Amino acid sequence: STQSTGDIINAARHSIKAAGTSRPFTPSEGKRSLFATRPTSSSSSIDLSDLNIAPRVLSPIDSPKTQKKKDEQKKKEASNFEAYWRSKITPILSSLNMEIENTDHVKQVEELSDCLLRGGFLTGSVALPHQYKVKVFQSLINLLDKKDTRLLLKISRLLLCLGVYEKNLISISKLIFKLTRCENNDAIFLEEKIVHSLLNVINQQNMEDNGLAFVYCIGALKVLSANTDNSIGEILVQYGVLQVLERHLTTCNASSKMNGEVKSNLLIQILGAFRNLCDIPATEKLLTDSTVCKELQYTMTHHYNDSEVLLNSCRLLSRMSLFTEMCSVISHNTDILNLLLKIIDNYTNDPQLLIRCAFVLGNITGQHSHAALHLHENGSIVESMLSLCKVYKGKLGEKTTKEKQSVTKDVLCKAVRVITNVLQNEKVAISVTPQLIKMFVSLGQIAAQAKIHEIAINVLSGLNNMSYYNKEGSLFVKHRGILADFLMKLLAVDNTPITIETLGVLGNLTQYRDVAEKVAEDKHVLKIAATLLDSDNSDLVYKSCGILVNITKFNEFHDKLPSKIIKQCIDVLCDVGMLDCELSTVTLYLLWNILYLKEIKTEEEERSKLLSLLTDYTDHSYCSNENWLSQFHPVAKRLITLLDPNSELLPL
């Protein structure tokens, strides 16, 4: 169960004990998931004997006169120090040590901080002797059982300013980290300038000697950066946290001395903080100009067997790939591309990692054809994704929790998206295998039946890309009968994006007579295509027109068309006109084929209306747009001529 702040600090208070001055062994955390959320964990103690003691340095021997002056100066300084300590600080420490009810400890600690600051003890201008530092520590430690977050943060900040090292630094860092677990404390963190203290620690201390303390300090920054309204994240970016994280990612990667598990945990905190800060607008430029991409490549390469480090690396990459410039940077890093594909091949049973990898690859291949071609020629990306689809398609039918089913669907959706994007490249599209076509058909059918619309849409987009590049004699075209049967069934699905994609693939396949015949002979499919001419969705109208143009090339299929199709086409022209040049033009192609072959009777009223409309549309005063003049005008003028019984023009 989640502990309150008071419970945590109470545990810390009761575990306080004095210890020797030798450097302690750094314990490893039992669960790596400690930092996945705002965790609970046992507290650690403050070691009063392990404080900062400046080393003694031998000075050159002075003359007796000079030495006497120095001794007198030291006595004076010591006297001044003792007077200041007795008059200003001792009363506050005494008050802190007294158990008086309703005492304002926050005010007391503030007064102590002010006195120490005025005395120069917090700025480093005056060294605080060890025995006096111990007294301050003892007084502050006695307050660690309080439940006041502001008080605990003031104590933590003061202790960090006084200088704590090794085990004590770990204890204070851990305490601060625990206090970040409650999002209600975020504002107090800013007010008490704890972020400055954390940055001072990780800027001034040696990472290799204080690895576990760094885990907690950067872990605290990571949790703070996850603030839901981004307010703290923006402030962290202003403080230069991104540059600090970049520097420590480089240092951590280069370190050969750190404990393996501590190093792994530290990388997770750094990567997590980076990821959270990606939501801040200023982050994109900073990341693009940084070495983070290169360092991520190093991290993933040298921690390839650590699935959690890989997961956090890929989660960061997935966020970075949403930035246009950053996505371009990643796309040119072939080592990262190869690593992502290697993960896909070797981490088949880690769906969360697979989802992130495939998401990154989908973003990159969707925008950068050179990356898609590299992955095809050097990594067999389609085969890798196809193998992944085969594994997770089998999991769709398993009886399991909704959460696991959702993850399975997500893996399939991301994998198919990658294949679809890669198929935008002609070299990839014309090299498709029967296995890929069969997988797409099978997966598309399952997705449509199970109403997993996103997978179905991605499958259809992939088939659309294949159908665009593949010509007569290709493997894809040879499978057109199977594909047509599959696509015609999908038209029964009540989902507009699926219908648009289905009509798009059918439009490419109905260029072949046997597919056109299949569609024409199926009265339900033909009725759907004709009915969609009346749709308010221009994409549906355009795709339907494309199929009907291909079917009407063949005279024998005209008797299958509805009698009102000419009126429908005229209505499309009236509604759209020059607002959509492509749709108006393809509508003219359909009218041409119907009117030229004269299998459908044309009413005189329709003929007159069409002729009048085309005459108006071909007048330069109506529209002088270049596309309109080059695409619409030639077909419109031929149609005007066709309406004359003496025309000898050929069908389009």
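A salt bridge is a side-chain nitrogen of Lys or Arg within 4 Å of a carboxyl oxygen of Asp or Glu. These legends describe a predicted model, in which local features need pLDDT of at least 70 and side-chain atom pairs count only at pLDDT 80 or more, while totals for chains, interfaces and linings use all residues. Residues are numbered from 1 along each chain as its sequence is written, and side-chain values use heavy atoms, with hydrogens and water left out.

**View A. Arg-480 and Asp-514 meet in a salt bridge.** The N to O distance between their side chains is 3.0 Å. Arg-480 sits in helix α26 (residues 480-490) and Asp-514 in helix α28 (residues 513-521), so the pair links distant parts of the chain, 34 residues apart. Helices here are DSSP runs (H or I, at least four residues), numbered from the N terminus. Arg-480 counts as buried at 17% relative accessibility, whereas Asp-514 is partly exposed at 37%. Buried means under 20% relative accessible area, exposed over 50%, and partly exposed in between (1.4 Å probe, protein chains only).

**View B. Arg-513, Glu-517 and Glu-556 form one network.** Salt bridges that share partners join these residues. The structure as a whole holds 14 salt bridges.

**View C. Lys-257 forms a salt bridge with Glu-208.** Their closest N and O atoms are 3.9 Å apart. Lys-257 lies in the loop between α11 (241-254) and α12 (260-277), and Glu-208 in the loop between α8 (194-204) and α9, so the pair ties together parts that are 49 residues apart in sequence. Lys-257 is exposed, with 59% relative accessible area, and Glu-208 is partly exposed, with 26%.

**View D. Asp-289 and Lys-285 pair up through their side chains.** This salt bridge has an N to O distance of 2.3 Å. Asp-289 is exposed at 53% relative accessibility, and Lys-285 is exposed at 54%.

**View E. Helices α6 (residues 166-179) and α9 (residues 211-225) come together.** Their axes, which are lines fitted to C-alpha atoms over the stretch in contact, come within 8 Å and cross at roughly 20°. That makes α6 roughly parallel to α9, a label for angles under 35 degrees.

Terms used
Axes fitted to C-alpha atoms, helices over the stretch in contact; angles between N-to-C directions. Helix = DSSP H or I, 4+ residues; strand = E, 2+ residues; numbered from the N terminus. Parallel < 35°, antiparallel > 145°, perpendicular 65-115°, else oblique.
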